[in-house]
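Please have the viewer open as you read.

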Amino acid sequence: MAETYDRVGEVKAFDEMKIGVKGLVDAGITQIPRIFHHPPHVTVTNPTKPSSTVVMIPTIDLGGGTFESTVTRESVVVKVREAVEKFGFFQVINHGIPVDVMEKMKDGIRGFHEQDADVKKGFYSRDITKKVKYNTNFDLYSSQAANWRDTLTTVMAPDVPHAEDLPKICGNIMLEYSKQMMKLGELIFELLSEALGLKPNHLKELDCAKSLSLLSHYYPPCPEPDRTFGISSHTDISFITILLQDHIGGLQVLHDGCWIDVPPNPKALIVNLGDLLQLISNDKFVSVEHRVLANRSEEPRISIASFFMHTIPNEQVYGPIKELVSKQNPPKYRETTTTEMAKHYLARGLDGASPLLHFRI
Ligand code: OGA
Ligand code: NI
């Protein structure tokens with residue numbers, strides 16, 4: 001049975017402290033507050049494959065982003081199409097972003113979250129139009145249970161922020177990382193366009209690669225990891241997300257009804273499709289559910305999710321791509337905007353029903 005208590009009051013009290021989940025850990029708690037308790041039927045469900053074979057998302061070598069011949073590029077497109085159709089997720093290696101930039105990015109984000117709490121408080125906000133903000137659980141007031149995670153969210157493109165607008169401790173590396181990420185994003189959107197049977201620039205011309213927000217997460221060690229999550233099961237709102245995760249692990253992807261682990265690889269970046277791409281591809285590509293288990297290690301877990309999606313507010317209209325619909329395959333979604341989708345996301349919380357249902361014809 002659900003616990004009955006003044007949830008809204010407890011959520012508000014936690015939010016108003018502006019200390020995040022990390023602040024609770026620093027205060028020395030040994031039990032997590034009940035606002036973080038997920039129902040037991042959710043936390044214990046971890047169906048594993050009956051066979052002993054470990055299923056892994058595909059790893060695709062991008063050869064540094066410069067393909068030697070069209071054959072190589074074509075073979076990459078084939079791999080991308082297969083990965084996306086089968087898993088909705090793949091990892092890329094030789095993606096062009098230097099490992100030292102990735103390492104410095106993780107260090108910078110760890111530094112942000114571990115600096116003086118008063119400096120972080122200055123960035124604390126839930127204003128969806130704010131371009132630089134720190135908070136815990138963007139859906140704190142709408143979800144049924146909170147997650148063990150704090151996040152710094154920054155809009156990095158198309159308007160590139162000045163270093164002074166970003167947190168001092170990580171601003172420069174965020175700018176460098178984002179510059180490189182924009183290049184990789186363009187390449188991935190070209191490959192995805194080709195995998196959809198469209199011309200290479202199609203998704204770029206729809207401005208899918210134009211806007212980037214970084215969600216820089218910090219998952220502190222959790223004293224009761226079986227009662228909560230790092231991020232509950234969800235699909236991403238973005239066109240695509242490119243994730244950098246550190247060595248701790250905990251990311252899982254839903255595949256054929258089972259959760260499969262995405263083990264850390266310091267050289268790889270993880271690519272997944274979001275709901276906006278599923279909508280414009282008219283379900284040809286799907287955004288797959290994933291989650292992060294609460295961190296049971298003694299160290300914090302750091303991850304940086306690069307969300308390719310427009311900054312709110314944005315009124316650009318998106319619907320199923322004309323070339324991908326026909327009489328036999330009519331549009332499955334009505335047209336919408338990123339702003340409308342984001343509002344719907346926020347109102348429903350991460351743990352609600354699939355947000356795409358709301359836009360289905
Ligand atoms: C996300 C997400 C996974 C991770 O930010 O949407 O799924 O490993 N992140 O942090
Ligand atoms: Ni996600």
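Two strands pair if DSSP finds at least two bridges between them. Strands (E, at least two residues) and helices (H or I, at least four residues) are DSSP runs, numbered from the N terminus. The model is predicted, so local features need pLDDT of at least 70 and side-chain atom pairs count only at pLDDT 80 or more, while totals for chains, interfaces and linings use all residues. Residues are numbered from 1 along each chain as its sequence is written.

**The sheet**

An open sheet is built from four strands in the order β6-β11-β8-β9, with antiparallel pairing. Its edges are β6 (229-234) and β9 (258-261), each pairing on one side only. On average, neighbouring strands here are turned by 30° against each other, direction ignored. Between β8 (residues 251-255) and β11 (residues 290-293) there are three bridges in the antiparallel sense, and Gln-252 stands opposite Arg-291 in β11.

**The helix pair**

Helix α5 (residues 99-114) and helix α7 (residues 171-195) have axes that come within 9 Å and cross at roughly 140°. Axes are lines fitted to C-alpha atoms, for helices over the stretch in contact, and angles run from 0 to 180 degrees between N-to-C directions. Contact means heavy atoms within 4.5 Å, and these residues make it:

| Helix | Contact residues |
|---|---|
| α5 | Val-101, Met-102, Lys-104, Met-105, Gly-108, Ile-109 |
| α7 | Ile-173, Met-174, Glu-176, Tyr-177, Gln-180 |

Note on methods
Chains are lettered from A and ligands numbered from 1 in the order in which they are written. Side-chain values use heavy atoms; hydrogens and water are left out.
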